[in-house]
There are 2 protein chains.
Amino acid sequence: MANVKDVAKRAEVSTATVSRVLTGRNKVNEETKQKVLAAMKELNYQPNYLGKQLRELRSNNILVVVPDFGNTFFYEVLQGIEIQALEHHYEILIKNMKNKEGENLDYFKYLHQKQVAGIIMLTVGEKEKLEIIGNDRVVIATSHLKGVDIPSIHVDNEKSAYKMTNYLLALNHRKIAFISGGFDTISSSNRLIGFQKALKEYGLEMNPQYIREGDYSFESGIREANNLLELDTPPTAIFAASDHMAAGVIKSIQRKGLRVPDDISVAGFDDIELASAVTPELTTISQPAFQIGEHAMDMMHQLITGKKIQNKRRIVEGKLIIRESCKIYKG
Amino acid sequence: MANVKDVAKRAEVSTATVSRVLTGRNKVNEETKQKVLAAMKELNYQPNYLGKQLRELRSNNILVVVPDFGNTFFYEVLQGIEIQALEHHYEILIKNMKNKEGENLDYFKYLHQKQVAGIIMLTVGEKEKLEIIGNDRVVIATSHLKGVDIPSIHVDNEKSAYKMTNYLLALNHRKIAFISGGFDTISSSNRLIGFQKALKEYGLEMNPQYIREGDYSFESGIREANNLLELDTPPTAIFAASDHMAAGVIKSIQRKGLRVPDDISVAGFDDIELASAVTPELTTISQPAFQIGEHAMDMMHQLITGKKIQNKRRIVEGKLIIRESCKIYKG
DNA sequence: ATAGATAATCTAATCGATTAAGATTATCAA
DNA sequence: TTGATAATCTTAATCGATTAGATTATCTAT
């Protein structure tokens with residue numbers, strides 16, 4: 001493999017000049033430039049990225065930590081990240097949090113070892129808080145950590161859940177169950193808060209049996225719906241904190257021979273493609289996932305280039321999308 | 001940031017010794033080792049990966065080229081890749097082919113520039129053939145290129161489609177439509193061949209109107225099903241080359257007020273989570289996606305470590321999964 | 001005591017690209 | 001023709017980790 005030296009020799013210039021042609025950062029005489037370019041072509045020269053990175057002491061890789069490869073919501077965020085990354089010439093490295101269960105979370109090692117220029121965390125828990133502190137070059141997407149100064153972008157989880165719950169209340173439902181994506185998950189906790197707030201404002205007592213813990217997955221939706229349906233007085237509406245779980249809920253209800261929404265209403269959260277693929281189509285909260293990804297990558301770029309980020313905590317609105325899975329309750 | 005030199009100075013040894021402690025590749029006196037480790041700790045030393053990579057002239061990043069971030073099938077493959085990557089300490093870099101429309105395909109640049117150690121292509125078309133030739137360090141997963149010596153792993157697309165078609169024939173269907181994932185897509189073409197073969201063996205004439213071109217997406221499934229349903233004699237069964245498209249087909253049929261499978265049978269391909277989330281649940285071909293990913297990464301590891309790959313062309317069997325979306329036709 | 005073997009460690013070069021500092025050349029005005 | 005200025009190019013150092021080859025210390029056998 002040819003390197004700068006070879007090219008320099010062939011073009012009868014110094015390596016410095018070759019490098020200047022390469023980077024375009026300094027002036028080079030047009031004639032010289034052509035000689036160098038010709039030499040590169042003849043030698044089929046490809047600059048070695050490792051050398052460049054070492055000299056410049058930075059990688060252009062961005063690590064994206066995905067909580068769960070099985071949850072397709074994150075891929076929509078990833079698409080937004082990718083578009084922005086393409087624009088600014090970053091490469092995306094991904095890690096699945098789920099594969100690391102139990103092991104220590106050493107994502108930040110990548111940062112300290114300069115293997116990546118930054119880390120975008122899709123969702124975080126309190127666990128990561130300590131590790132994150134002291135690291136610039138971290139952006140949190142789809143969630144937020146209280147009390148630390150990390151740029152983040154996410155939907156207003158509380159408000160969105162509040163909206164959905166009010167919608168269900170307006171449909172005359174009083175026995176509403178909530179399936180969380182995990183009690184220790186920040187985004188899900190906020191959705192639960194919004195849910196509870198709506199009930200409370202409506203003057204309804206919370207039934208602890210109606211609060212269930214899933215893990216955002218389809219399977220956990222099935223499982224928790226099964227549990228709910230076995231109660232003496234099952235709910236008339238189930239609000240799941242993700243579309244994956246909501247799809248599982250629908251599946252569970254249908255397997256029991258009941259109908260959605262005629263017998264039980266089901267609501268989701270995220271508005272991923274799945275939401276409109278299932279039957280009945282899901283009434284859900286639309287998260288602008290793509291946009292969230294773009295924001296995250298945009299803030300990362302600001303961090304890396306040392307610019308001041310205007311608006312470090314960005315919150316976008318979730319939109320209530322009414323489809324077919326919820327119906328007025330006629331007790 | 002501390003580097004080997006600083007550590008060496010502090011531990012009163014040479015950088016060579018520090019490095020030997022770091023890599024563990026050579027003998028170091030236990031006492032010296034402890035001194036070095038202590039120095040590292042005191043300085044909070046983190047080895048710089050860029051230096052290491054340059055010296056060793058290799059990156060441990062593997063580029064995975066995903067045809068379409070929107071198709072969740074690939075994420076199941078990705079999970080398999082990730083597990084194996086974790087095992088062998090590779091990092092995964094991903095690229096979305098869809099974002100590169102029109103631009104020249106310069107994935108191989110990453111290889112030449114040593115930015116990645118290898119490339120796993122999820123699906124390829126004839127277009128990439130020329131670029132691939134001459135590159136070792138490439139593995140193709142979920143597809144295969146004829147006439148080139150590239151390691152590949154995929155299901156037997158033809159046989160699997162043949163199986164499914166025979167199943168539909170056995171259910172007494174005679175007017176069967178096929179929705180391709182793209183006529184220029186190798187995997188999809190082979191599925192079409194299997195489909196046609198089954199019809200032919202059964203002595204059925206192929207109706208060109210029943211062969212449609214989608215792009216593996218949910219939306220294209222809706223679109224092509226709409227077209228099929230508008231025919232004078234619509235098919236009694238629709239076989240889509242992906243679950244995403246099959247889900248779209250079901251949606252389209254239901255929107256027209258018809259029922260699946262009572263009015264029309266629908267079959268898919270892939271057996272992703274979506275297949276059992278939709279109603280009715282999809283009868284489909286199960287691809288061992290996870291296993292395919294593992295194989296791909298395994299072969300990549302062999303390539304990188306210079307070992308001879310036993311069985312360069314690996315083919316796994318697709319399994320017919322019978323669920324609810326197909327039913328016997330009573331003309 | 002000494003040569004020879006072995007183990008532990010060090011010195012200095014190396015990977016390939018970039019760049020600061022300095023050298024050289026070209027250009028122009030006086 | 002000289003001096004000043006700008007344009008262009010070169011030399012050599014640099015980024016941080018690794019390693020071939022040299023050196024030193026330690027031990028064994030004679």
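This briefing covers the pairing of chains A and B and the surface they present to DNA strand D. The model is predicted.

**Interface of chains A and B**

- Chain B contributes 50 residues to the contact, and chain A contributes 50 residues.
- Of the interface residues of chain B, 100% are also interface residues in chain A, so the copies meet through the same surface.
- About 4600 Å² is buried between chain B and chain A, and 56% of this lies on carbon and sulfur atoms.
- Leu50(B), Glu82(B) and Gln113(B) account for 13% of the area that chain B buries against chain A, which is more than any other three residues supply.

**Polar and charged pairs across the interface**

- There are six salt bridges between chain B and chain A.
- One salt bridge joins the side chains of Glu281(B) and Arg255(A), with an N to O distance of 3.1 Å.
- Polar contacts link 25 residue pairs across the interface of chain B and chain A, counting pairs in which both residues have pLDDT 80 or more.
- On the side of chain B that touches chain A, at least two residues come from each of H4, helix H5 (73-88), strand E2 (91-96), helix H6 (107-112), helix H11 (243-255) and helix H12 (273-277) of chain B.
- The residues on that side of chain B comprise 20 nonpolar, 19 polar and eleven charged.

**Surface near DNA strand D**

- There are 28 residues around DNA strand D, and those that come nearest are Arg20(A), Thr32(A), Val4(B), Tyr45(B) and Arg55(B).
- By type, the residues of this surface are ten nonpolar, eleven polar and seven charged.
- In both chain A and chain B, helix H2 (15-23) and helix H4 (49-56) each supply at least two residues of the surface near DNA strand D.
- H2(B) gives the most, with five residues.

**Contacts with the DNA backbone**

- Sugar or phosphate accounts for 61% of the atoms of DNA strand D within 4 Å of the protein, and bases account for the rest.
- A polar backbone atom of Val4(B) lies 2.5 Å from a phosphate oxygen of DNA strand D.
- For Arg25(B), the distance from a side-chain N or O atom to a phosphate oxygen of DNA strand D is 3.3 Å.

Key
Residues numbered from 1 in each chain as written. Chains lettered and ligands numbered in written order. Predicted model: local features only at pLDDT ≥ 70, side-chain atom pairs only at ≥ 80, totals over all residues. Heavy atoms only, no water. Contact = heavy atoms within 4.5 Å. Near = heavy atom within 4 Å. Polar contact = N/O pair within 3.5 Å; in protein donor to acceptor, adjacent residues only side chain to side chain. Helix = DSSP H or I, 4+ residues; strand = E, 2+ residues; numbered from the N terminus. Nonpolar A, V, L, I, M, F, W, Y, C, P; charged D, E, K, R; others polar. Buried area = accessible area lost by both parts, 1.4 Å probe. Salt bridge = Lys/Arg side-chain N within 4 Å of Asp/Glu carboxyl O.
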